[in-house]
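Here is a quick tour of a two-part model, written for someone who likes to know the cut-offs. Have the viewer open and follow along.

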Amino acid sequence: MSRYSALGLLRGALNGQKHWQPAWRDPEPKSHYDIIIIGGGGHGLATAYYLAKVHGLRNIAVLEKGWIGGGNTGRNTTIVRSNYRLEPLHNLFEFGLKLWHGMSDELNYNVMFSPRGAMFLGHSDADMVKLAERGDAMRCDGIDADLMTRDEVAKLEPLLDMSRDARFPIQGGLIQRRGGSARHDAVAWGYARGADSFGVDIIQKCEVTGFVRDGNAVVGVETTRGRIGAGRVGICVAGHSGHVAAMAGLKLPVESQTLQAMVTEGVKPMINSVIMSQSLHCYISQSDKGGIVFGGDPDNWPSYAQRGHPMVMEGAVAQGLALVPALSRLRMVRTWSGVTDMSFDGAPIIGETPVPNLYINGGWCYGGFKATPASGWTYAHTLATGKPHPLNAPFSLDRFERGATIDETGSGPMPNSR
Amino acid sequence: MMQITCPHCGPRAQSEFIYERTVDSVVPLDAAPEQAMAALFSRTNPRGVDEEIWRHTYGCRAWLVMTRHRVTNEISATRAVGPEALP
């Protein structure tokens, strides 16, 4: 793999840019791999990268039914943060946030990570108490969180409706200054290029249609490009976790729902941070291209449709407009939906399954993008050693039957009440 | 948006209905702990047809069972549940 550099660009400029090579190979599947990862999204590719980089494994394949990064990696709002209240969650996401800060250098690929600050708004006394509590919990574990006064919020985001008769009055906020956003495709492509350079086979247009079993154990996968043997198999397919796990006879604590987001035409910088309101469940940020990116609630009923419901979209936009009235002048240019695997406590599942040699990484609900590096790192550890990393140990699949759920919102087992 | 046929009110806009859970995840009152755990915390979650319980919350407020395809959103049947659905 040739390294990307400013000098290389300059040299290319003098040679008509003829030096560009494909960033990863397009190999035929081999008959056997030590580890097969099902799903070529950010998480799967990061897993393959860290398996090769950290654990020194080389005989690895990533199987992707479509094209890499074409699922939820390309269907989110690209927000990166670690401001969770519960310890297992903020430890995992904070580990990821640290990796985000060095990711472009690590991968020699510009993922355009922009730590512009991730801010939660508080709309009431109760909200402010909740935010203070969350910030305290984070600071106890060395994660940055600053409670903001109303004036500080207004100074950071002058276009917020701060008037006393606003539909959602703003009393203050909680900001994580190291949070921000990144370029989603670049994350998938950067990890793919990095993994490929270690010899990982990234096999696209290769859908897994079943598991090859020896007794109870999984010893390979059936795919649309033939049977491939494997020492260990890792499921990493986000919204389709239930579908793939069912091929191995597993029923997961997961329900797939649609989550949609949308973007306006590009305008000059008007939103400086990532504005979030958890009381409303609304996310607003501005992409580097200038478009205002909105996100809201999931559609709240099971769906694999990858298309959203106008009613939910309207709700998200109405909240955004109430917070930042100036947005009403913008035209919406694009909307998209991803299939999110809503777990039954709102936290991810990373670890073993009851089937020998089969592992699962899923249940990321609507919060998977920010976890990409941490998810890859811990899943790689789990797949390489057969044991969980301390960071993903609390997120095992059997935590539900043990009563050890990690329920950040305290809303109980129903994903549609989250 | 889907149009859902309420067994009591006829065809109505989806915005009047709220999804509850799947039929196979109803926990019987006399369920053993393992059975209750399985019903509460695991789903078939098929990329196809499943039977779901919805409620006509902003209408007659009755529960109903809907048979729906989760990719195409095609609703093949709705039926009433509760005492009024008994013969």
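N73(B) sits in the loop between β5 (63–69) and β6 (75–80) of chain B; strands here are DSSP runs of E with at least two residues, helices are runs of H or I with at least four, and both are numbered from the N terminus. This is a predicted model, in which local features need pLDDT of at least 70 and side-chain atom pairs count only at pLDDT 80 or more, while totals for chains, interfaces and linings use all residues. Residues are numbered from 1 along each chain as its sequence is written, and chains are lettered from A and ligands numbered from 1 in the order in which they are written.

Back to backbone angles. Most residues other than glycine have a negative phi. N73(B) goes positive although it is not a glycine, and N300(A), in strand β15 (residues 291–302) of chain A, also has a positive value. Burial is judged by counting other C-beta atoms, placed from the backbone, within 10 Å of a residue's own: 20 or more is buried, 12 or fewer is exposed, and in between is partly exposed.

| Residue | Phi | Other C-beta atoms within 10 Å | Class |
|---|---|---|---|
| N300(A) | near 70° | 19 | partly exposed |
| N73(B) | about 65° | 16 | partly exposed |

As for β15(A), nine of its twelve residues are buried, so the strand is largely enclosed by the rest of the structure. What does β15(A) pair with? Strand β12 (residues 254–266) of chain A runs antiparallel to it over six bridges, and strand β14 (residues 282–286) of chain A is joined to it, also antiparallel, by four bridges; strands count as paired if DSSP finds at least two bridges between them. Q257(A) has P302(A) as its bridge partner in β15(A), and Y283(A) has G295(A). β14(A) and β15(A) make a hairpin with four residues between them, and G290(A) in the turn has a positive phi of about 110°.

Zooming out, chain A has ten helices and 18 strands, and 52% of its 418 residues are buried.

Finally, the interface: 17 residues of chain B are in contact with 24 residues of chain A, contact being C-beta atoms, placed from the backbone, within 7 Å. On the chain B side, α1(B) gives the largest share, three residues.

Definitions and conventions: Two residues are in contact if their C-beta atoms, placed from the backbone, lie within 7 Å.
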